[in-house]
Every structure is written in structure tokens, then in C-alpha cells.
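The following exercises are to be worked with the sequence and the model at hand. Each task is followed by its solution in steps.

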Amino acid sequence: MSIRDSFRDAQHDALNDRSRGRRIFRRRVLLAALIAVIVFSVLIWRAAFLQVDRHAHFSELAEKNRIRTLVIPPERGRIFDDDGRVVAGNIATFQAQITPEDATDIKHELVILQDVLGLDDDTLHDLRERIRFGRSFDPALVNSDLTPYEMAKLAQLQPWLPGVEIVSSLKRTYPYGRLFAHVVGYVGRINVADLKRINPDLYQGTQYIGKSGIERQYEDILHGTPGHKEVEVDALGRVVKVLKVTPAVPGRDIHLSLDVPLQGIAAASLGSYSGAVVAEDPRTGAIKAMVSRPSFDPNLFVDGISRKAYQALLNDPERPLYDRAVTATYPPGSTIKPVMALAGLQYGLLDPDKKFFAGPYFQIPGDKHHYRDWRKWGHGWVNLDQAITQSCDVYFYDLAYRMGIDRLHEFLTGFGLGEKTGIDLPGESTGLVPSRAWKRKTKGQVWYPGETVIAGIGQGYMLSTVLQLAQTVSILAESGKRKRPWLVKNNEFTEPPIQLKNPAFWQDVRHGMLDVVNSAHGTARRIAAPYLIAGKTGTAQVFTVAQNAQYHAKDLAKKLHDHAVFIGFAPYGDPKIAVAVLAEHGGSGSGTTAPMARRVMDYYLGYQPSKVVKPEFVQHGD
Amino acid sequence: MAIKEPRSRFRAHERLDSASGLGGRQDWFRVPGRIFGVLGRIRYDPVLLFFLMLIAAIGLVAGYSASEQSVIWVEKSAFRFVLAFLLMLLIAQIPQRLFFAVAPWLFAGVVLMLVAVWLVGDVGKGARRWLDLGFIRFQPAEILKIGMPMMLAWFLSKRPSPPRFVDVVIALTLLAVPTVLIVMQPDLGTAILVMMAGLFVLFFAGLSWYYMFGFAAVISAAAPLMWFYVMHDYQKERILTLFNPMADPLGAGYHTIQSMIAIGSGGIWGKGWLQGTQSHLNFLPEGTTDFILAVYAEEFGLMGLIILFSLYLAVIWRGLYIAAYAESVAGRLLAAAISMTFMVYVFVNAGMVIGILPVVGVPLPLMSYGGTALVTIMVALGMLMSIRTQRSFLGHER
């Protein structure tokens, strides 16, 4: 109507300016209407092209859209001990999951699931939240580790549980439980912090990541590469057909140097003490046992430890999560004396045969302070061998005082103390060998000579890990040859040996250590075995005894007892094993830890008490 | 034309029905709001309202499917539509004189705000579009979609009817300044709509064809310059993607490809309501907003599209009809420009969805879920109704 009207108007209007404007306007409106018709014709023509001409093509594409790519997570590599025993493996478990989109009455189904699976309210609440915020076609995990009974029950109730599926998956398992908790570590669910350091493409479909120990250190090797599966899904997203499979590359297995029975004996030998045992093969650097006690069950962490259980572990006064073998540091106590003796020989401060009178205490000239010996009445005239054998404190006070802190620091650092050993474990501590520079930097104070004196018997600021002690005794056993400690063969490495002015110095000190166990006055004489053990006892003070008081173990609370330390290697002539044992609040090294080390050595060297071993007579200096 | 036609016969009844503003032989049909008694005081255009409500109803039906059958979405969307229709009716009650009285002030204000956005605007999604006034955060450019045709209609109605050269230059300047400011934000979609709205006013005011061809020539010369100096990478990418969507099927071309698959697989009769696989398997992004037409076309097919496009065409036809019979020069210019801008909205969105135009964020009027754009469109349609129902009392053209 409008169009015809305006057209007629346009024809009849006069030249009047206003009506001319109107005439033009109506003509333009007519044109605009034409444009609109053309525009919509174009749209419909194009739609018809897509929907009629190309309909078959696009239908096919829409069908193809139904092809989805699913990720096949790789199987995590297993971890074996030296003898091929599985220390960390994978077992198949069954888990129930629910796809919200496929569930007809999700509230009702959750009630059934709660009843059958015995879910507590917290879990159910968490599940509801995950369903609410997740995508409707993504399955939500209801419960893992289904028992056969639960699976049977779910299968029976299947008609009332649309959308609920039972799927199998591999779960990490640690068959030896707490025995390898610290060294092998554990895997756990990938969290936000983990996501920052991994390539998310490689972790598609993977639930676990190594959190500590070997599991973390060798994560890249253990994890593997995920595969892909192209599947055709129907309009509801259900898999109809598998089209193409790129298999996952499973993670590589890892063989550790550890030995399960030895580890077990080491753990058992610690008894009820908190502490650590490290047994190393000094010839290769292979760690044969590495125990930290108390321990925890790594299986708890695999599927996400409950808050309560985790709090209990964190709040345990014995701190079971703390790795006492490589992370904890302790004063090395008297076990540092063989190294001090080597330093004294190296710097020409000691003559091995020269007798030194060791009284009940040592005094810095011009100072009244008494640096007391552990034996109230002193040791009398002792040479180097006897000083080590009897663990004469005054002898080493004097030595340290004459050596000075700078040379002491230099030699001990050269021995690898105060530095990481380089073992293939995360979280290793450096320990501490104090120096003037260190004290100025951290405490802002100058170094006092008295601190040098007590450093001579491994007290004061000096700290080392049990692993460092094992490494130290390995170097002593091998007379200076150094191997980097390792758990996995590819970390094996020969470090530059320690060169002394006279190689005979090694023998002087090693013989002292032999006499610690095998002489009448040795502090560890009670562990003397038919084969030859060389070692050194130590006692690490945790409690400072007042100047005029005496240390009475009976009167002190257990937590104030000294830590007991023992380092040793055997057999003396051809060292095959080096052991460092530390028992927290164990009292004395000779009484507590030396027998523990003996048990480890006995097993490792194949000695059984029933076997008769020919006693040998050993000359000084051989 | 030389013949001076006696106008009396035509003018007589026109003057008659317009003199009263209500009377005349076709009055009950032309102003039917009067027949509803109390409601009769509300001025509206029933024809326009009918078509708009039909489109909105289709929008809700398609949206229910696109939102994965969310009743909450439909409730929210319906509530918005009710508010928007009330707003439209409210605007329709305002005398059109008022629109043109505020037009220059509104225009000046918005241009100032655009400058403010340029200087201190809030950045959202990589573009500086928002102005935060403390209590409200909005895009001034959105107002210009109505403000621009209002301003130009007001300006050109004061000038001799086929605009002279000077007037055209002034009008183009008024058009260019805010358009450039919007392009700089950058918001190409809005800039195009604002520019088109302004150009339509000029077109209806009787701009000489010489100027129009000249303008077209300038545009085609400027296009390469725009490409190299003005356009942002993401805009270029969208245009390139249009020519070859398969080049980047998972990136820039994804929207276009998935949308074309959805439409094409719909066929003549569609897959049926709630049966669209593209939208329900989440292949189609932004199903409830810019790409709702694809969801609709997949489920209702070519027939559904023809029905929907016919409804849109009916709205535009009614708008042009209102313009053709509007009394004042400014009113008819505004009404025609609004109708054609409405058409541009539909064309840009539908063209994007069916893959003949690049992906620009222009919603489909009354179908897409979105607040600001809906308000703008409803205000414009309200003005159209106001122009329809309220005539000049002077009885002749001003």
C-alpha cells in the first residue's frame, strides 16, 4: 500500500520544495523496501544453498562432529628393588562414576549410592558440588576401590541407576607400605602447584603425579606418554565405535639399588627408636638400605589422604613425614673424629705415634673454661690410634684448637661435608660445616676459639645428614676414593678422590677405626664380629650439661637424651658395606647404634651367628 | 515537473485526519489504541507489536533449546523481554518533538563521553569500550546507534529538503567524528551500525546520487588503507577467516564452520525442536547469544528461517510504512533510518551465522540474549511507535 501510494504521490507532487522532499523521500522508501527484500532474499538464498544443496555435505560433517578423541593415560612405570621385587606397582581397581546427563533422577540415585557404598555425608556433599559445577556429560567419580560386594550390588541395581558406571583403572600401590615410604616416596593427585611444573598435554587423563622420593625424582621416566583413541559418539555422547587407537607409551620401570630384606633388617634393627639407617656399597656408591623411622603408609596418599589422617600425621610429635636419612640434620658427634684425625695428619699437626697426655679436660690457654672429656678421669697418655679407639675428646679438642676453624672448614668441606652428596632424591639437606664467614653472615658475630674446640668433636654448629655420614665412612673405607651415592644406576658417578700428602695417613685412621671395634679398649668392642668391622661411635648432644654438673641419663627425660650415632664399614680388608646409623635419644653410640649396624652388616655379608669364621690377627699398620 | 497539480483533493483528507491528530475515516484502524477504553490511552502500534512479540516468542523457543533446556534461562530471558517491551511502550508515549529537542544535546554528550572513553575508559576483552561513572558502567557507543540518526534527522529536517553540499559536509562530519572514535576503541561492529544509521538518514533526506556514488568510491579507495593502518589483527583475522574458514578450523574459523554445519545439517524441515546435535553436543559456541540463529536453523530448517525472516521483513515493512506516512520531516527520516538499521542488525548477524559476513559481535534483534543491545533496539522501536501514534498538530509539514 505504502509503496503504491508513495509512488503515486511522487508522480503527482508539484515542484514545491517541501513536496519535492517528500517525493524524494517516498521514492527512497520504495527503494529501501526493495533493498530490504533483496537483502532477505540473499539470506534465504544462502540458507537454501546450505540447507538444500549442501545439506548432505553438512549432515556428514555434523555426523563427523560426533567423533571424539579420548585420552588413554599411560601406565606408570613400576619400581623394583635390586633383586626384582616390586616396591611400587600398579593394581587394577574398580571405581563407580556417574554421568549427570544420563541420570534420570540424580537425587534419588545419590541416595541409593550412599546406601550401597556407605558414603559419609562429607563425601556426598563433595560429590553433589562436583556434579553441580562439572559439565553434564563429564562423569563424576563416586567412589574408588569398589569391593566385589559393592560391584555386585551396583550391577544388581543397574536398572535404577542410569548413568552410573563401573570402570576399571590402575592404582598405584606400595606393597611394602611404610618400609620404603621416605625413599621411594608416593604419588598423589595432581594439584595446582604440580600443574605449574608439568606439561598438561602429557598429563591428560592422568590422575597421579610423584610427590616425594624416587616417585618425584624420576617422574619423567615413570610417567610415560599418553595415547589417544578416536571414538564415534551418538547424540548423547555415548561411544558407538572405536575408530583409531594410538596406544599410550607406558612409563619405564626403575630398578633401585635398595634391597628389600636389608631394608627390613635395617628398619627392624632401629626398634622403637626414631632415627635413620643408611647402608652404602662404598665400592660403587649404591645405597643398599635407607630407612627413616618412624614411617607412614604411602598408600594413604595415593587417592588423596583424608584431612583427618593428614592432620594426624602432621601433628604426630615423632614427625613421621620427616625424612631422617637425607633431610634431617644432626650434630655428627664423635663420628667426625676420624676425619679430624685425617685433617691433623694432612696439615702436619699430628704424629700418629706421638703420645699425648689427655687429662679430664682441655683448656684454651688463658681461659678458665673446662672442655670436659666424656670420661671423667681422662684417658692418660694416648697416641692417635688410641685416641680414636677410646674416642678421646681432649686429644681432638687440642687438635682442633691447633688447627683453627679455617683449616678445619676447608678439610671437612673437601670431604663432602656441608654439601649435598648428589643422591638422586629430592629434598636433600646440605648439612653445615661452620666457618667464620658463615657465622658472620647468619649470626653477625665473630668466631670464638671455643667454638673451634667443640667443632673438633662434631658438636656446636656442625650438622650433617645420616646419608653424609654414610658417605663419609664410605670414603674412609675406600681410602679416599669417592663415588656419588645413588639409588638408580644412571646416577652413578665417580667423583675426584681425596688426595693426602701421604697415603699411609688413611691406614693410620682406618686402623684406629678397626680398633674401635676390635681392641680391648674400643668403644664398640661389644660388636666385634668374626669378620672385621671398622667403625666409630658417636654421641650427639641435644642437651647442654652445665659446667659443673654431670650427665645422668637416668635423670633426664627421654627427649633430652643424646642422639646415638655409629658409622662403620666391613670387612676391614675389602670393604663391601658402609653403614651409618642414628638413633634419636638413643643414649650412647656404643650401646645403642653399634649393634644395629652390626645386624645390617651381618645380613649383608651373609654372616650367620652359627657360621664359624676364623678369627684373624691384625697388625697395626697393615 | 512543469505541471502544477491541484493538490486540494489529496491534501484535504490528509489535513482532515491529521488536524485532529486522531480523527478521519481510517482513524480506528490507524490509531487502534483508542478502542480499548482505559488501555486506549496507551499509544502503540499493534501491527508492529504483534510481529515483535512473535519474534520474541521464537527467540524464547530457540533459546530454551540453545540453553540446554534451562527453564531458569527462559524465565530470565522472558523477564528481560517483558521489561524491554514495557520500555518500548514507555518510549512510545513520549511525543516525538521531545526526541528532536534532546537530540543535539544527547549527541554532544555522547561524543564527549566517547572522548572520555578514549582517554580513561575501562578495558574489557582487550578493547577500551566502557565508561565507569561510578554507579553504572556502560558503552557510550551503544547510545549512538539511536543518537546518530536522531541527530542527523533533526539537523537535516532544518535544512532544505534535498540537502545542499554544505549540509552534506556538515552531516558527514557529524557522522565521521564519533564513528572514528568508536573504531579506535576498537569496536568495528558498533561503528558499522552507527555509520549505517547515519548514512540511511542522509539517504532518506534525498542525498543526491552523485554524492552517494562519490562516497562509495571514497570508501572503496579507503578500504585498503583501513586494512593496513586502522584494523586490528583480530579484525583482519575474522575477515580472512570468512574467505577461508577451513584455514583455521579450530581457531578463528571455528565459529563459522560449526555454525554452517549446524545450519546445513538442518535441511529443509530441520531436525526438530531440541534435536539439534550441533548445539546439544556443545560444538556450537555462544548458542544463546550471537549464534542463536544457527541453533534455530538447525532445529527448524529452511522453513523456520523463511518464517523468521518474513517476520523480520514484516517489521521492516511496517517501519517503512510508518516512515512513509509520518508527518514531520525529522520523524519520517528517523523512522526510516531506524527501520533500515534494524534490517542491518538482522543482516549482519544472519550473514555472520550463515557465513557470508565476518564474525562481528552484532546480536540478532529480539532473539539473542543480551541486555544492552536489547535496550537499544527497544528504545528505537518505541520511537517508531511514537512517530506512528503521535502526529504533528500543525496539520502540515514543517
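**Exercise 1.** How many bridges join S21(A) to strand S22 (residues 563–570) of chain A, and do the two run parallel or antiparallel?

*Solution.* The structure is a predicted model, in which local features need pLDDT of at least 70 and side-chain atom pairs count only at pLDDT 80 or more, while totals for chains, interfaces and linings use all residues. Residues are numbered from 1 along each chain as its sequence is written, and chains are lettered from A and ligands numbered from 1 in the order in which they are written.

Step 1. Strands (E, at least two residues) and helices (H or I, at least four) are DSSP runs, numbered from the N terminus. S21(A) and S22(A) are joined by seven bridges and run antiparallel; two strands pair if DSSP finds at least two bridges between them.

Step 2. One residue pair can be located: A:Gly535 has A:Gly568 of S22(A) as its bridge partner.

Step 3. In chain A, five strands make up an open sheet with antiparallel pairing, in the order S14-S13-S23-S22-S21. Strand S14 (287–293) and strand S21 (534–540) of chain A are at the edges with a single partner strand each, so one side of each has no neighbour in the sheet.

**Exercise 2.** Determine how H6(B) and H7(B) are oriented to each other, and which residues make the contact.

*Solution.* Step 1. The axes of helix H6 (residues 140–157) and helix H7 (residues 165–183) of chain B come within 11 Å and cross at roughly 175°. Axes are lines fitted to C-alpha atoms, for helices over the stretch in contact, and angles run from 0 to 180 degrees between N-to-C directions.

Step 2. H6(B) and H7(B) are therefore roughly antiparallel, the term for angles over 145 degrees.

Step 3. Residues are in contact if their C-beta atoms, placed from the backbone, lie within 7 Å. H6(B) contributes residues including B:Leu144, B:Met148 and B:Phe155, and those of H7(B) include B:Asp167, B:Leu174 and B:Ile182.

**Exercise 3.** Is A:Gly422 buried, partly exposed or exposed?

*Solution.* Step 1. A:Gly422 is in the loop between helix H16 (393–414) and helix H17 (436–443) of chain A.

Step 2. With 16 other C-beta atoms within 10 Å, A:Gly422 is partly exposed; a residue is buried at 20 or more, exposed at 12 or fewer, and partly exposed in between.

Step 3. A:Arg484 is 62 residues from A:Gly422 in sequence, but their C-alpha atoms are 6.5 Å apart in space.

Note on methods. Angles under 35 degrees count as roughly parallel, over 145 as roughly antiparallel, 65 to 115 as roughly perpendicular and the rest as oblique. Two residues are in contact if their C-beta atoms, placed from the backbone, lie within 7 Å.
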